[in-house]
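Biologist: I would like to learn how to read a structure like this one. Could we take the features one by one?

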Amino acid sequence: MAEDVFERPEPADEIHVVWVNAGLSCDGDTIAMTAATQPSIEDLVRGAWPFIPRIILHNQFLAYENGAKFLAPFHAAAAGLLGSFILVVEGSIPDESNKTWGYWAALGTDGETGQPITTCEWIDRLAPKAWAVLAAGTCATYGGIHAMEGNPTGCMGLADYLGWNWKSKAGIPLVCLPGCPVQPDNFTETLLYLLHMAANRAPMIPLDEALRPTWLFGPTVHEGCDRGGYYEQAEFAEEYGSRACIVRLGCWGPVVQCNVGKRGWMAGMGGCPNVGGICIGCTMPGFPDKFMPFMNQPPGSMLSSNAVMTYGRAIHALRRFTQASLNREPEWRGRRS
Ligand code: SF4
Ligand code: SF4
Ligand code: SF4
């Protein structure tokens, strides 16, 4: 199958979203999603967007149903009886083979054996039947915090579990939406894109080498940061509470691909360095191990900030001179008598 060719589902007014958040997870991505506004999850559930199917959401935190009634669509999806669905996975995937008894993560109980159905079993059952698969949050994409060195679960992200070249039965690669948690609008906007694909209104979703949507994860935090001007002028904060650039306090923004600086966190507000929080690289496959210890000045940033120091301060002084001139009215203006 060619890279940009995929099968569309039968035209339908509705498409199911089956959300497994029983990985090793804090459920932060589900909670984050409730803050989305572009679009909101309510808009997608209620079919407010024209020309695309509305979604029927199955998420254990947001469901009215519980117990067997809640799990019924999951079993139907696994049996191929639910119709087309998008599988969302939240939380890292443990290695259930690295011990002799017990389990790391599960969702529901098998009616015949009385044993928990592990999260890995759900993924094995659902991923081959899904029209598309979305990994929500850095735990689900690349392993995240739970997968840091020394953890006993052997856990990993979905890209490692399914394989980086995995494709759904429709020919769509795994879509990774990292972030700890995922930026709410990044999630719903990507879901919206997939719904446009399903409705024959969009081409194959463009993804980078880490399976992230390119239009969301192309630029760095630095390129969209409100403090970029202070960096350029070599004004670096030595302690928190300053409005200057916080690279010396440990901000990894210059090398981290994330749009939170531009997009903010909720309704355009916030965005880690914009509001004084160092970027710790949570959207990157190397997170967290490669970014530790947090709060140390990142290697390499020393070089760039030292380079900025050599001309940034001179430019800053010249700009102050220009600014002082621009703050004065032209001399011909005003009363002459
Ligand atoms: Fe929680 Fe972060 Fe993992 Fe999401 S990525 S489940 S927010 S720890
Ligand atoms: Fe770049 Fe971080 Fe400074 Fe913002 S705070 S300008 S992202 S180094
Ligand atoms: Fe994560 Fe950095 Fe983006 Fe904040 S700015 S969400 S810490 S990658």
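Biologist: How many Å separate the centres of domain 1 and domain 2?

Modeller: The centres, taken over C-alpha atoms, are 32 Å apart. Domain 1 covers 14-215 and domain 2 covers 222-324, with bounds from an automatic or database domain assignment. Contact (heavy atoms within 4.5 Å) involves 22 residues of domain 1 and 16 residues of domain 2. This is a predicted model in which local features need pLDDT of at least 70, side-chain atom pairs count only at pLDDT 80 or more, and totals for chains, interfaces and linings use all residues. Residues are numbered from 1 along each chain as its sequence is written, chains are lettered from A and ligands numbered from 1 in the order in which they are written, and side-chain values use heavy atoms, without hydrogens and water.

Biologist: What area do domain 1 and domain 2 bury between them?

Modeller: Interface size is often given as the accessible area lost when the parts come together. Here the two domains bury about 1500 Å² (1.4 Å probe, summed over both), 55% of it on carbon and sulfur atoms. On the domain 1 side, Met148, Gln183 and Arg212 lose the most area to domain 2, together 30% of what that side buries.

Biologist: How many salt bridges does the rule find across this interface?

Modeller: A salt bridge needs a side-chain nitrogen of Lys or Arg within 4 Å of a carboxyl oxygen of Asp or Glu. The rule finds one across the interface.

Biologist: How many disulfides does a search of the whole structure find?

Modeller: A disulfide is a covalent bond between the sulfur atoms of two cysteines. The search finds zero (the cut-off is 2.5 Å between the sulfur atoms).
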